[in-house]
Amino acid sequence: MEQKQLNQPSAAFIGASWAALIIGISAFNIGLWNADMGLNEKGYYFTVLMFGLFSAISVQKAVRDQMESIPVTNIYYGLSWFSTLLCIVLLTVGLWNAALDRSEKGFYAMSFLLSLFAAIAVQKNTRDMRLSQRNEDASHGSSQPNLGNKRTQES
């Protein structure tokens, strides 16, 4: 029986992470689609969601790079954290001032936070799987990196 790499995520965790991401984004966007608000408000909330997902992934990448001794500039690290906190503040201010029921506000807040957490988990899983694949290739004596492109490998 082959022993798994320590940092390779399980299939269950990968599936749960992707499911949480899809459910969170879908719920948020379905809520926006059905909401009785102006298109400009819907655009604001959608933009905050997309900005939040990108910034959360950037934070995960910057933190992980530092853990693996990959150089990360202080400005990128700081901007990643600032962007993540800013999108949470923007959503909070937007919901606080929105003419929505409290249950709707809670729904948007929870689906937003679920999406951010899931985006971080999916990014972590992706990185762990690639690292595990590189380690596996190195242990089997493969001198070529796995580029994922069959044509490149055959050339």
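S69 counts as exposed because its relative accessibility is 67%, over the 50% cut-off. In this predicted model, S69 sits in the loop that joins helix 2 to helix 3. The phi angle of S69 is near 60°, a positive value in a residue that is not glycine. Most residues other than glycine have a negative phi.

**Overall make-up**

The protein contains 5 helices and 0 strands, so that from the N terminus on the order of elements reads α-α-α-α-α. Of its 155 residues, 34% are buried.

**Confidence**

The average pLDDT of the protein is 86, and 86% of the residues score at least 70. Among the elements, helix 3 has the highest mean pLDDT, 95, while helix 5 (residues 150-154) has the lowest, 44. Over residues 1-5 the pLDDT is below 50, and this stretch has 5 contacts in the model beyond near neighbours in sequence. Residues 149-155 also have a pLDDT below 50, with 6 contacts counted in the same way. Where pLDDT is low, the predicted coordinates should not be read in detail.

**Helix 1 against helix 4**

Helix 1 (residues 11-34) packs with helix 4 (residues 102-139) at an angle of about 145°, and their axes are 8 Å apart. The crossing of helix 1 past helix 4 is left-handed. The contact between these two helices is made of 19 nonpolar residues, 6 polar residues and no charged ones.

F107 belongs to helix 4. Leaving aside neighbours within four places in sequence, F107 touches A27, F28 and G31. Its relative accessibility is 37%, so F107 counts as partly exposed, a class that lies between the cut-offs of 20% and 50%.

**The nonpolar core**

The largest nonpolar core has 22 residues, and those with the most contacts inside it are F28, M37, Y45, L91, Y108 and F112. Helix 1, helix 2 (39-67), helix 3 and helix 4 each supply at least two of the core residues. Helix 4 gives the largest share, 6 residues. In soluble globular proteins, nonpolar side chains tend to be buried together.

What does Y45 touch beyond its neighbours within four places in sequence? Y45 is in contact with F28, L32, M37, L91, G94, L95 and A98.

**L95 and its surroundings**

L95 is placed in helix 3 (residues 74-97). L95 counts as buried because its relative accessibility is 6%, under the 20% cut-off. With neighbours within four places in sequence left aside, the contacts of L95 are Y45, L100, K105, Y108 and A109.

**Two C-alpha pairs**

The table gives the separation of L95 from K105 and that of F107 from F28.

| Pair | Distance along the chain | C-alpha separation |
|---|---|---|
| L95 and K105 | 10 residues | 5.9 Å |
| F107 and F28 | 79 residues | 7.9 Å |

Note on methods. Residues are numbered from 1 along each chain as its sequence is written. This is a predicted model: local features need pLDDT of at least 70, side-chain atom pairs count only at pLDDT 80 or more; totals for chains, interfaces and linings use all residues. Side-chain values use heavy atoms; hydrogens and water are left out. Axes are lines fitted to C-alpha atoms, for helices over the stretch in contact, and angles run from 0 to 180 degrees between N-to-C directions. Helices (H or I, at least four residues) and strands (E, at least two) are DSSP runs, numbered from the N terminus. A crossing is left-handed if the near helix is turned anticlockwise from the far one by less than a right angle, and right-handed if clockwise. Ala, Val, Leu, Ile, Met, Phe, Trp, Tyr, Cys and Pro count as nonpolar, Asp, Glu, Lys and Arg as charged, and the others, Gly among them, as polar. Buried means under 20% relative accessible area, exposed over 50%, partly exposed in between (1.4 Å probe, protein chains only). Contact means heavy atoms within 4.5 Å. A nonpolar core is a set of buried Ala, Val, Leu, Ile, Met, Phe, Trp, Tyr and Cys residues joined through side-chain atoms within 4.5 Å. pLDDT is the predictor's confidence in each residue, from 0 to 100.
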